[in-house]
Amino acid sequence: MSGGNIALDGLLAVADGRRVKLSPAEAKVLARLIRAGGATVLLATMADVLHGAEAVRPKSNVAQVVVCRLRQKLAAFPGHRIESIRGVGYRLHLPVGPQA
């Protein structure tokens with residue numbers, strides 16, 4: 001799966017010739033953000049990605065923790081970032097044009 005210049009190969013994120021190993025939860029979240037194509041992924045959707053659509057989910061910060069760890073790992077790829085839309089969800093921003 002890929003979006004922009006970032007690709008997801010199992011538990012590896014690959015961009016600009018660099019590879020970063022992800023946890024299963026991080027890979028699920030990144031895959032969903034890539035599929036969204038720059039659109040906001042709602043918090044409820046992110047919870048479904050992590051817990052399953054039919055699961056009873058206690059109010060928790062699991063999505064925030066996973067996104068925080070994913071942000072730290074995406075720092076290896078300049079120009080890639082995850083934006084928080086307060087109270088709504090998350091959006092993946094990818095670099096535009098060639099990277100220097």
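How many salt bridges does a search of the whole structure find?

Guide: This is a predicted model, and a search of the whole structure finds 2 salt bridges. One of them joins the side chains of Lys-73 and Glu-26, with 2.7 Å from N to O. This pair links distant parts of the chain, since Lys-73 sits in helix H3 (residues 62–74) and Glu-26 in helix H1 (residues 24–36), 47 residues apart. Lys-73 has a relative accessible area of 28% and is partly exposed.

The other salt bridge is formed by the side chains of Glu-83 and Arg-91, at 3.2 Å from N to O. Here Glu-83 is partly exposed at 23% relative accessibility, and Arg-91 is partly exposed with a relative accessible area of 24%.

Helix H3, which holds Lys-73, also meets helix H2 (residues 43–51): the axes of H2 and H3 come within 10 Å and cross at roughly 85°. Angles of 65 to 115 degrees count as roughly perpendicular, so H2 and H3 are roughly perpendicular to each other. On the H2 side, the residues in contact are Met-46, Leu-50 and His-51, and they meet Val-62, Ala-63 and Val-66 in H3. By class, this contact of H2 with H3 has 5 nonpolar residues, 1 polar residue and no charged residues.

Definitions and conventions
Residues are numbered from 1 along each chain as its sequence is written. This is a predicted model: local features need pLDDT of at least 70, side-chain atom pairs count only at pLDDT 80 or more; totals for chains, interfaces and linings use all residues. Side-chain values use heavy atoms; hydrogens and water are left out. A salt bridge is a side-chain nitrogen of Lys or Arg within 4 Å of a carboxyl oxygen of Asp or Glu. Helices (H or I, at least four residues) and strands (E, at least two) are DSSP runs, numbered from the N terminus. Buried means under 20% relative accessible area, exposed over 50%, partly exposed in between (1.4 Å probe, protein chains only). Axes are lines fitted to C-alpha atoms, for helices over the stretch in contact, and angles run from 0 to 180 degrees between N-to-C directions. Angles under 35 degrees count as roughly parallel, over 145 as roughly antiparallel, 65 to 115 as roughly perpendicular and the rest as oblique. Contact means heavy atoms within 4.5 Å. Ala, Val, Leu, Ile, Met, Phe, Trp, Tyr, Cys and Pro count as nonpolar, Asp, Glu, Lys and Arg as charged, and the others, Gly among them, as polar.
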